[in-house]
Amino acid sequence: MKARLLSAVLKRSIKPFVFTSGHPREPADDAHNLGLYVHVPFCTTMCAFCPYFKMPYDSELARSFAGAVVQEIEAAGGGHGRRSVLSVYFGGGTPALLTEYLPAIRIAIDGAFDVRGPCGIELHPDDIRPNTAAELSTAGFDMVSIGIQSFQNHCLESLGRRPVDLSERITMMRDGGFTVVDVDLIFGLPGQTTRDIQEDFRIAAARGATQISTYPFIDFTYADNARPPLGRREKHELLDAVLRVSREVGFERTSVWTFARKGTGRYSSVTRDSYLGFGPSAASLLRSSFSVNVFSVPEYIQVLNSGGSPTALSVHLTERERALFWMFWNSYNLRMDREVFTELFGGAIEDAFGMEPRIAGRLGILERRNNSYAITKKGAYFFHLVEQQYTNQYIDKVWRLSTESPWPDKLVLH
Ligand SMILES: C[S@@+](CC[C@H](N)C(=O)[O-])C[C@H]1O[C@@H](n2cnc3c(N)ncnc32)[C@H](O)[C@@H]1O
Ligand code: SF4
């Protein structure tokens with residue numbers, strides 16, 4: 001209810017977001033600071049807590065998927081010369097399961113786009129073997145993100161993961177020469193203490209992580225968690241403990257949930273001004289629309305092989321909604337650049353959102369610094385709460401419906 005109210009106030013409208021089917025993705029011609037994302041929907045184990053779209057690895061389907069994703073990339077890039085892109089991310093799922101096809105996908109990307117930034121890939125700790133770093137570097141990757149989740153046996157067990165020492169895998173990637181080695185940790189796990197999460201953070205930093213992402217444990221309605229996450233108060237204490245330990249080991253906060261060694265790059269696939277997503281379930285955010293691809297591997301392959309569009313649902317965004325999207329993700333990044341806002345939306349933030357920056361300033365959420373707005377520590381906690389609501393209200397609904405029915409007619413989100 002609170003999320004609905006906040007959304008209506010910010011949008012200045014009580015109209016819901018209506019996703020409809022049957023529209024191909026908007027061309028990326030007017031997209032600003034474009035990034036690319038490739039979703040690889042295969043895993044060897046299906047983790048009960050994980051909301052992402054995936055299926056058990058199947059070598060035949062994986063081969064057909066690789067062919068289809070190349071077709072999707074070529075179709076999106078065609079027509080107007082090679083559009084420049086600022087980053088490329090491969091996520092999943094477990095993209096490293098497709099190591100033999102990654103070079104061909106990367107060649108297709110380079111043929112269709114002019115890549116002017118880093119290329120990152122998500123890794124399950126089980127993917128990391130002695131030759132992994134060399135294989136990934138050869139395939140053109142310079143950033144990795146490792147889904148460690150926790151180093152504590154009791155936390156790994158609560159996630160259904162094997163209690164094995166994973167710290168050496170971080171060192172292997174650090175020694176592989178990647179510019180960014182991100183380690184994902186989860187906080188708010190049943191039975192987790194502030195000591196556990198601080199210990200996890202210290203181990204990740206000592207083993208060579210350049211970025212540590214700490215995500216609050218979220219219980220998706222369609223997940224199969226044995227026990228629910230810790231409550232709001234406990235999560236608050238854990239997040240505060242993360243902040244303290246991050247300072248102790250010399251990391252700086254780079255977003256609501258990420259921390260980085262000073263002077264290192266960022267691993268962040270969603271905080272782009274605009275992005276094109278390829279593969280089943282991948283989302284695209286363009287000049288005036290948000291869309292998601294079909295949540296089914298066979299349907300994805302079939303529609304591309306028959307020359308169709310894999311877009312299953314899309315929503316047109318008004319200029320104000322698009323600006324809100326931008327402000328939401330820039331708030332997650334703890335900084336809104338006023339000049340970028342003007343470049344994107346034509347006017348000043350204060351003209352589009354007269355009262356919000358003033359109210360947020362009075363509440364101690366936001367501070368004006370030169371030509372930007374910085375999100376304060378209090379503001380970061382507020383966004384931590386808002387983002388969990390956003391995940392429950394929007395992401396959970398879109399992903400659940402799309403998983404139940406690959407080509408839904410319509411989806412209404414209030
Ligand atoms: C696609 S997954 C990870 C990639 C890789 N397949 C793995 O398992 O390590 C991306 C990240 O999302 C986070 N994540 C997944 N499910 C979550 C949940 N229910 N709550 C919070 N974070 C979650 C985890 O930290 C995970 O590393
Ligand atoms: S957490 Fe990783 S390995 Fe587990 S199901 Fe999700 S994507 Fe696959």
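The following legends describe an overall view and several close-up views of a predicted model.

**Figure 1. Overall dimensions and composition of the predicted protein model.** The protein comprises 414 residues, and its radius of gyration of 21 Å agrees with the value near 22 Å that a compact globule with this number of residues would have. Along the principal axes, the C-alpha atoms occupy a box of roughly 55 × 50 × 40 Å. The secondary structure consists of 14 helices and 21 strands. Buried residues make up 41% of the 414 residues. Among contacts with a separation of 6 or more, 73% are between residues 24 or more positions apart.

**Figure 2. Close-up of the surroundings of ligand 1.** The shell around ligand 1 contains 17 residues, of which the closest are His 124, Gly 147, Asp 184, Tyr 215 and Ile 218. Three strands, β6 (87-92), β9 (143-149) and β10 (180-187), each contribute at least two residues to this shell. Classified by residue type, the shell is made up of 9 nonpolar, 6 polar and 2 charged residues.

**Figure 3. Close-up of helix α9 and the elements against which its buried residues pack.** Helix α9 spans residues 297-305, and its buried residues are Val 297, Tyr 300, Ile 301, Val 303 and Leu 304. The packing partners of these buried residues are strand β4 (55-56), helix α2 (59-77) and strand β16 (289-293). Just after α9, Gly 307 adopts a positive phi of about 80 degrees.

**Figure 4. Close-up of the open sheet with strand order β18-β20-β19.** The sheet has 3 strands, and their pairing is antiparallel.

**Figure 5. Close-up of the pairing between β19 and β20, with helix α13 lying across both strands.** Strand β20 (residues 372-375) pairs with β19 in the antiparallel sense over 4 bridges. Ser 372 in β20 is the bridge partner of Arg 369. Helix α13, formed by residues 355-362, lies across β19 and β20 and runs at about 110 degrees to β19.

Definitions and conventions
Residues are numbered from 1 along each chain as its sequence is written. Chains are lettered from A and ligands numbered from 1 in the order in which they are written. This is a predicted model: local features need pLDDT of at least 70, side-chain atom pairs count only at pLDDT 80 or more; totals for chains, interfaces and linings use all residues. A residue is buried if 20 or more other C-beta atoms lie within 10 Å of its own, exposed if 12 or fewer, and partly exposed in between; C-beta atoms are placed from the backbone. Two residues are in contact if their C-beta atoms, placed from the backbone, lie within 7 Å. Two strands pair if DSSP finds at least two bridges between them. Axes are lines fitted to C-alpha atoms, for helices over the stretch in contact, and angles run from 0 to 180 degrees between N-to-C directions. The radius of gyration is taken over C-alpha atoms; the globule rule is 2.2 Å times the number of residues to the power 0.38. A residue is near a molecule or strand if its C-beta atom, placed from the backbone, lies within 6 Å of it. Ala, Val, Leu, Ile, Met, Phe, Trp, Tyr, Cys and Pro count as nonpolar, Asp, Glu, Lys and Arg as charged, and the others, Gly among them, as polar.
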